[in-house]
Each structure stands twice: as C-alpha cells, then as structure tokens.
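Subject: Structure handover

Hello,

I am passing the structure below on to you. My notes on it follow.

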Amino acid sequence: MMQHLPILQVLLPLLGAPLAALLRGRDMAWGLALLLTGAAFLISIILFSQQQMTGETLVYDLGGWPAPIGIVYVIDAASALVLPVISGIAFVATIAARRLVEAEIDARDHALFYAAWLLTIAGMLGQVTTGDAFNIFVFLEISSLSAYALVAMGAGRDRRALPAAFNYLILGTVGATFYVIGLGLLYMLTGTLNLMDLSERLADVQSTRAAFTALAFIALGLFLKMALFPLHFWLVPAYAHAPSAVSALMAATATKVSVYVLIRLVFGVFGIDFPGLADAVGLLVLTLGIAGAFVGTLAAILETDLKKLFAQSSIAQLGYMAIGIGAMSATGLAAAFIHLFNHALMKAALFLAIGAIAAQVGRASMGTIQGAGRQIPLTMTAILVGGLALIGVPLTAGFISKLYLVRALLEQDFWLLAALTFISSALALAYVWKIIEAAWLKERPKGAPVLVETPVHYVPAWLMVIATIGFGIFASPLVDAAYAAAHVFIGGAR
Amino acid sequence: MAGDMLILALLGLPLLASALVLVLRDKPNLRDGQALLIGLITAACAIELYGRADGDTLFILSLAVGLDISFTPEPLGKLFALVAGVLWPVATLYTVGYMRGAGEENHTRFMFFYAIAIHAAMGIALSGNLLTLFVFYELLTFSTYPLVTHKGTPEAMRAGRIYLGILVASSVILLLLGVIGIWVLTSTLDFATGGILAGHIDPFYVPLLLALFAFGIGKAALMPLHRWLPAAMVAPTPVSALLHAVAVVKAGVFTVLKVAVYVFGIDFLRETGSSDWLVWLASFSILAASIVAMSKTNLKARLAYSTISQLGYIVLGAALATSLAASGAALHIAAHAAGKITLFFCAGAIYVAHHLTDIKEMNGLGRVMPVTFTAFALGALSIIGVPPLAGAWSKIMLMGGALDNGHLAVLAVLMLSSLLNLVYLGEIVLRGFFAAPSHGLKSEAVQEAPLTMVLPLCLTALMSLALFFAVDVFILDFGG
C-alpha cells in the first residue's frame, strides 16, 4: 500500500471525478470531494515526511514498467514540497466550497461542479508527480479543461464569466500547444520523453539550434500558463468572474503548478549549464518578473473590485517568483519555492475571505466592505493579515519570501533589482491600506446590506491565516525544504 | 532576578499592561491605574538593567538558520530602554490627565496601542541582531498608526497616510535592503562591539551602504524624510510625547547610532571617511529645521521642527565617528528626551487649561500658568544647551568629537544652531512671562492644568536638571 502512494495521490481525485458526477442528493458530491482531497492531503504529507526523512528520490513505475519504457512518478525534494501545497489548499477550499457553491451555483450543477473540481485537482497533482514530459502535457490539459468549465460556471450569476472562460481557454490552449511543440522538438532530438533520460541525452545535442528552439517554445508556453507579464491578460477576468470557491482554489494553486513545471523542465531537463540559459533566459525572466511586479501592483492600486484587485496582485507575486527563477542560483530557486508556498497560503486566505463576502452580496468591492470591520471583524482581519503578508510585513510568511528573494539577488550583486523589488512591494501598501481604511476607518453607509459571519464563513480563511503567520514565525522547515528542492536542480552551498 | 528574566520583564510588562487595558476596559480607573503601576515596575526593571554588567542574552526563537529573534542588551540599548522605561509611567500619568481633561474618546484603544508601542521600543532597544531590530521597528510603526489617527478626522487620516507611507516605504525599501545586504556580505546579523563589516566590503561602497541605513531609518527624521513628524502632530499631545521623546524618533536615532557603532564600527567609518557626507547632511538638517521652526507659530509645529533639528545632533554624533561624539550622541538621546517631553507636556497643559495652540496668543500666559512656564523654560534651556541642564553636556561632547575629527565647520553649525534654538524657544518663554496679556485670556488669576498633568511636567523638568549633575552615569564608552 505504502509504495503505491505516489499514484494514489493522483488516482483518487481522478477516479472520484466521474463518481461525483453521478452522485445525486444534497452534499453527496461535496462529501466525496472533501473525502478525496483530504486523502490526497494526507498522502502528500506522508510522502513529504518520508522524503524529508530519507532524503532519497522515490520513483514509482507505473504498471510495473521501469523507465524509459514505462511512465514513472517521481517524488523528490521538489515535488514533495509542492504536493502538500496543492492538496492542502484543495482540501481547505473544498471545506469552504460547500457554502460558497450553495450560494453561487444552481443546485442541479453541483455534482458536475465537484466532478470538474476533482479533475482539476487531479490534473495539478499529476503535473507535479509525473516524471514524463508528455504525461505533464496530459495532466496540464486535464487540469486546464476542467478549470475552463469551472470558471464558466460563474455565468449563473455573472455573465462575464463566459467571455473570461473563453479567453482563458484560447490562451491556455495556445500555451499548452507551445509546450507540446517544444516537446516534439525534444523528442525528435533525443527519442525519449522521460525527464531524466531527456536531460542525459540532451547534453549531446545542447548546442543545436533545435534544442534552443525547444527551450524557447516550452518556456514561452509555460510563461503563458503561469501568467508571467505580459502574458497575463487571461488571469484577471478568469479569477474575478469565476465562482468564489474556484477563485480561491485557482488563485492559490493553478499558476504555481506552472511555475513548478517551468523549473522542472528548464533546470531539470535543460540544466543551468545549457547554452544561453543563464544569460538570455535568465535576463528575460528577471526583466519580465520585475516589470510584472510593478504592472500588477499598480493595476491593483487602481482596482476597486476585491477579486480583481488581488488577481492583479497575483501578477505581481508571480513576478517575484520569476525573479527568483531568473537569479539562476540555488538561493534564487529556493526563494521561488518559498514564495510559491507562502503566496499560496496568503492568496488562499484572501480569496476565501473575499468569497465569504461575495457569496452574501454578490460582489466584494470597496463599496460593499465599507465600514465592514466592525460587522464581520474576523473575515476582515483575515483580509488584513493576508494583505500585510503580501507587503512582506515581518512575522508573516511574506517577509520570509522577500528576505530570501532579495538575498538571492544580492548574492549575484543585483542591488538595483533588489531595490526595485522592495519598491514594488512597498507600493503594495497602497492597495492594502485602501482596504483597511474602507473597512475600519469609514462608517458603514446607511441601508447597506448587513454582512454576517459564522464559523462556516471564516474558519477556512482563518486556517490559511494561521498558516501564513505560522510559516512566518517558524520558517525553518520550509526554508530547509525549499533549499533541498532547489538543490535538486542546482548544486551549491546554502 | 537573572538577567534574561529582566529582559523578559521589560518586553513582557508592556504587553501585560496592554492586555489588562482590554480586560479592564469598563473600569477606567482600574484600567489606567494598572497601566501606571506596571509602568512603574517597568521603570524599576529598566533602572536595574542599566546598572548591570553586559553579557545577558534572551533567545526567543529562530525563524530559520541565521535569522534569530534574540535580545542582548549593550550599554547603548540599556540607555534607550532606561529612557523609554522611565518616561513611560510619567507619560501614562499625563495621558490620563490629558485624555480626561481634553475630552478625547476611545481611551481604551489609545492606552492599548500606547503600551504596545512601548513594547516595540523595548524590543528595539534590547535587540541582539538586525533582524530583531527590524521586526520591532516595524511593529512600532504599525502600533503608533492608530494613535496618530486617533481623532479620526480627515486631517488625521491624511497625516496617518503620510506617517505610514514614509516610515513603511523607507524601512522596507532601504533599511531592509541594507539589512539583507549586511547578511549577504558578512553572513551574520548579530551586533558586535567594533562592528562586523570591516574586511567584508570594498570601502568604496561603504557610503552607499550607510545611505541605505541613514535614509532607511525614517524614524530618525533626517531631512528630507522628516515630513511625517510635523504631519503627525494632529494627534493628541500624549502621542506627540510618545513620538518625540519616549519611543518613536528616539528609536530612529538609536537605530542609526547602534548601526554605526555595532554594525559599521566607528573606527571603520572614520578610517574610510565613509560618513563624511552624513556629517554635512546632518548639519544641514540641524540648521534647516531650526529655520523652519522659527517660521511656525503653532506651538506643536514649532516643537516638531525643533525635534527634527535635535535629531540631527544625534545623527551627527554617529557620523562624526569618534568615540567622544558617539558618547555625546547617546547622551543626547536621554537629554533631548527629558527636555522635549517637558515641552510637549507643557504644550498639552496649555491646550487643556486654555485651549491655546498659537504662540502669538500666549502673551502673559506665564503669569497665569507659572509652574507650566517655569518647566517650559527649563526644558527649553536644556534643548538650547545652557548649563546647568542636561543638553549642555551633550553639545560639549559633540563639539569635542567634531574637533577630534577635524570638522571645524561643525563647531560653527552647533553654535549657530544653539543661537537659533534660543530665538525660537526663548520667544515663547519671553512672551509668557514678560509680554502684555493678549486678549484671549479672561483673567490674570493663576489657572493651571489638572494636577495629573502638572506633576509629570514638573518631574521631567527636574530630570533635565538632575541629568546635568548625574551625567557621568550616562556617559557611555565606545572605545576607539
């Protein structure tokens, strides 16, 4: 049983999806989703602690066929770190989903909603676990196609969900196509799709034009999927008009998986020594990352709709992850992993809290939260803590992210870039403070709907808030795990 | 009591007070009484710690490898803890009198954040490394924001935005960059006698690194990052006392001095000449702020610019990078705290008793409020630097430090500044005692503020006097 955990992790939600679609009756599908995401979370925790204790890479041969003939699932320090992020947030989002989905989605569609929900989670977990480049594409499509459907389900309340989902579909497909074109080139060059095999055989042909073209296609495709500036335009409407539960799940996990796949492919297959990688690609990613940090933050300052505001902030935060990757060093990759983890916690807290408001009044905006600080203090405090973490205030997880990100930049003597990073994160104060002033320092307008909060509303968000603060104070295990993950791809001292 | 328990007490007592404020929110007398009592215990602990030898450390936790939250008092930190600890109960007594006398609302919220701010100041004072210092520095900013915006008026909100904007932006963009820079360069964040930077950096870059700290520590209100301080005077007067004397700006200049002494090392700064530019900037800040102060007729605004000028002295002491100047700067932290808190207490007493804020309306007020104006005169003389008041010593030591380092022009700056101080602070005293009464005053009969306000301002005025005679206790030796 124990040795089958890597595949069970993916298989449980994948097989649960059709079952959920068949279930009728109140809460049946939700119960199944809760059970399966809970199981996936438990499995990922076990895999993580196993990997941490032994320090070894766990390879699972699918159907008993060893690589390179069969497909393998690989649990190394990197995938072991990312899995609990996705499954854990999926679990908490599923807890919250019951209330949010009841409020926002037609009762007839609940079973289908949870089917798509489980599929997208299975797809994400699959991308992280698999050791096969084409298998990554398959799971990427599984998670994306179901995500398009989930976003479109927001149309019951907000018709703009339909064009948002359509845009997302078109651009997501373009991204996936780029990825698969790059993969085709690699297969032509090396005759293999296994990631380990690929990296070995690529060494012989690494100076060819075809290999560099493959890198370009793969990186570009994944830039699109991870919403790196300027390829981010699909993200904001998709997050803003999707049902609240979907916004929370996707904002916290979807783009992170693409960041992970980018690191896995670029550093795990092509490798840091690949010609043109460190200078050309590194410089490009750094530039786009810092530009994204500014564009996202400035756009967030101008936004009044809270979902859009924090979606814009995600663009900035993905920029920070890109900066970590662009530093092309072990510390940089560790910083990217740390921020991937921490940002997932903060954004989940924020979108779950915002969802609790949106589910009541239809739309969470500066207007609807005006003076809400005294009416729903716990929900608003969750938004406050999430916001402070985004700025990088000490003793929140965001501070640890910034610390290591800037450390990575300074190790490479990128002082100016480090200053720019901090300027953009200080600008985040403007949009967070706008919310604080609206919620606490202004009176609730007369005739505004009364907002309520019960444990169903705030407990999921607060689980993430506690994690955000917890990992801001006891960051040691995360930092160690992130360095271990980085060392899978780049050697070097701590 | 063991040394680490004493550190824990200094950090924990203000937190306890803030918790009890919330618990006792429906019983105003108990709520304020316990804050005063805990303040007195804190002051006793601070005095006890000041008298002890160094070497105690309190380790709280480690965020990650090399990132510890820990406290290691050294002489400078103990001095700042002493200043904050002793002035806290005095300020609490005054706060109680002011808040009731001026009819301000939301006492509980006010007392709560006041105590948190003291906790943050203690954390800064006793911090054993740059990370701990930075964490508590930010806590101090965020905990004083509700105090600055206490009145909730649009003007207070605007001031709050300037306050938070300048302090957070400067600390996140520049100070944190400097801290991480030190971490990358030296692989440590711990303070050490003599500094930790020598040998880890090309001397060419030291002035730039110093600039990250000089401008990153916005609380030191070095021009051009001073705007938040005058803006914050919209807050009730006890907040001004907290900002100007007890905690906030003192935390700023303390941090500058601490970084200069225990991170850069004054010998390293002097040998590389890296802080020469800061000498000139601090001199400019001293004179420019004094000139602006002369143009202000609102009493609190004038005092605010006077603070900016006086903070320049302390930054100057750090920048001169001699042992004598650094000692003078450290002494000035205490001397200016005692002097300036007296002046602000008097400003608040004048407001509560007669609702006057403009200097032009204070003609003849000295005869109506003789105690308050005598205290004001003592505080003013200390700031100007006239013996037998505390400010005289720190100025003499700064002058000596400037001579040591060959900065003769700085002597002229210090003398000119004393002259300017005399003009803009003396004016208030002269108007109060000697000018014909202005129309605003209803009678010539003595009418002081409540005793809860008069007592603290007498105490602090006496402190200025006592500091002059007991100065040898407050002169720290930084070697070199």
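Chain B has 19 helices and two strands, taken as DSSP runs numbered from the N terminus (helices are H or I with at least four residues, strands are E with at least two). Its radius of gyration is 21 Å, close to the 23 Å given by the globule rule for 480 residues, so chain B is as compact as a globular protein of that length. That radius is taken over C-alpha atoms, and the rule is 2.2 Å times the number of residues to the power 0.38.

This is a predicted model: local features need pLDDT of at least 70, side-chain atom pairs count only at pLDDT 80 or more, and totals for chains, interfaces and linings use all residues. Residues are numbered from 1 along each chain as its sequence is written, while chains are lettered from A and ligands numbered from 1 in the order in which they are written.

The contact between the chains takes 23 residues from chain A and 21 from chain B (two residues are in contact if their C-beta atoms, placed from the backbone, lie within 7 Å). On the side of chain B that touches chain A, α6(B) gives the most, with 12 residues.

One residue to look at is Ala435(B), in the loop between α18 (408-434) and α19 (451-469) of chain B. Leaving aside neighbours within four places in sequence, Ala435(B) is in contact with Asn363(B), Gly364(B) and Leu430(B). Ala435(B) and Gly366(B) are 69 residues apart in sequence, and their C-alpha atoms are 9.3 Å apart in space.

Regards
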